[in-house]
Amino acid sequence: MNIFRFAGDMTHLISILVLLLKIYATKSCSGISLKTQELYALVFLTRYLDLFTDFISLYNTLMKLVFITSSLAIVWCMRGDPAVRRTYDKEIDTFRHYFLVLGCFVLALLLHEKFTVQEVLWAFSIYLEAVAIIPQLVLLQRSGNVDNLTGQYVLFLGAYRAFYILNWIYRYLTEARFTRWIACISGLVQTALYADFFYYYFISWKNNAKLKLPA
């Protein structure tokens, strides 16, 4: 554990809390991609299989449980709550996310650190997390205007990955056997996907204007 990883975990947790606030407080999921949320649920379910085999720390276990349960709760609410489901932008959330799942799974079979079920699924979850935000970004571009809570959700989600890049740099410099190259490269790809959003978020904040993404 180091300050960069802790900051990454906290910004990730804040992003989830912001999304839960939007959904449960406003009873609306407008501007939120169900497909991205389903991808994140799949990411956590396949990454944290070690909950059943390894104990690292109480903090580690609690964070894993929080990410799994919160992602499933969001998907359930968007699919199962009648009031929330009516606000889902189904017509513009049409990105074919199953291609991302298939592509990441094939990549995990080809590029992994060890050919075991757990390690292949871990690599799959890392690759999938790198691109899971794509349906969300596509939805926001199609819808044009972005409400404050949705914008903050995506902002904190991107900040989480940026902090994790600093965490990996720190670990590479301080740990003799740090070899998580899959996570490092995937994290860079994931952060790059947020670059355009960060730019327009900064412009809207600077000009005190409503956030709009180009179509």
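The secondary structure of the chain consists of 9 helices and 0 strands, where helices (H or I, at least four residues) and strands (E, at least two) are DSSP runs numbered from the N terminus. Read from the N terminus on, the elements run α-α-α-α-α-α-α-α-α. The radius of gyration, which is taken over C-alpha atoms, is 17 Å and lies close to the 17 Å that the globule rule gives for 215 residues, so the chain is as compact as a globular protein of that length; the rule itself is 2.2 Å times the number of residues to the power 0.38.

This is a predicted model, in which local features need pLDDT of at least 70 and side-chain atom pairs count only at pLDDT 80 or more, while totals for chains, interfaces and linings use all residues. Residues are numbered from 1 along each chain as its sequence is written, and side-chain values use heavy atoms, with hydrogens and water left out.

Along its principal axes, the C-alpha trace spans about 45 × 40 × 35 Å. Buried residues, meaning those under 20% relative accessible area with a 1.4 Å probe and protein chains only, make up 46% of the 215 residues. Of the contacts with a separation of 6 or more, 77% are between residues 24 or more positions apart, a contact being heavy atoms within 4.5 Å.

An unreviewed UniProt entry lists several stretches as "transmembrane region", among them residues 55-77 and 98-115, although such annotations may be inferred rather than shown by experiment.

Two residues can be followed in more detail. V75 lies in helix α3, which covers residues 58-80, and V75 is buried, with a relative accessible area of 12%. Not counting residues up to four places away in sequence, V75 touches L34, Q37, E38 and A41. V75 and L39 are 36 residues apart in sequence, and their C-alpha atoms are 9.8 Å apart in space.

Q190 has its place in helix α9, which covers residues 181-206. Q190 is buried as well, with a relative accessible area of 1%. When its neighbours within four places in sequence are left aside, Q190 is in contact with Y40, E129, A130 and R161.

Methods. Buried means under 20% relative accessible area, exposed over 50%, partly exposed in between (1.4 Å probe, protein chains only).
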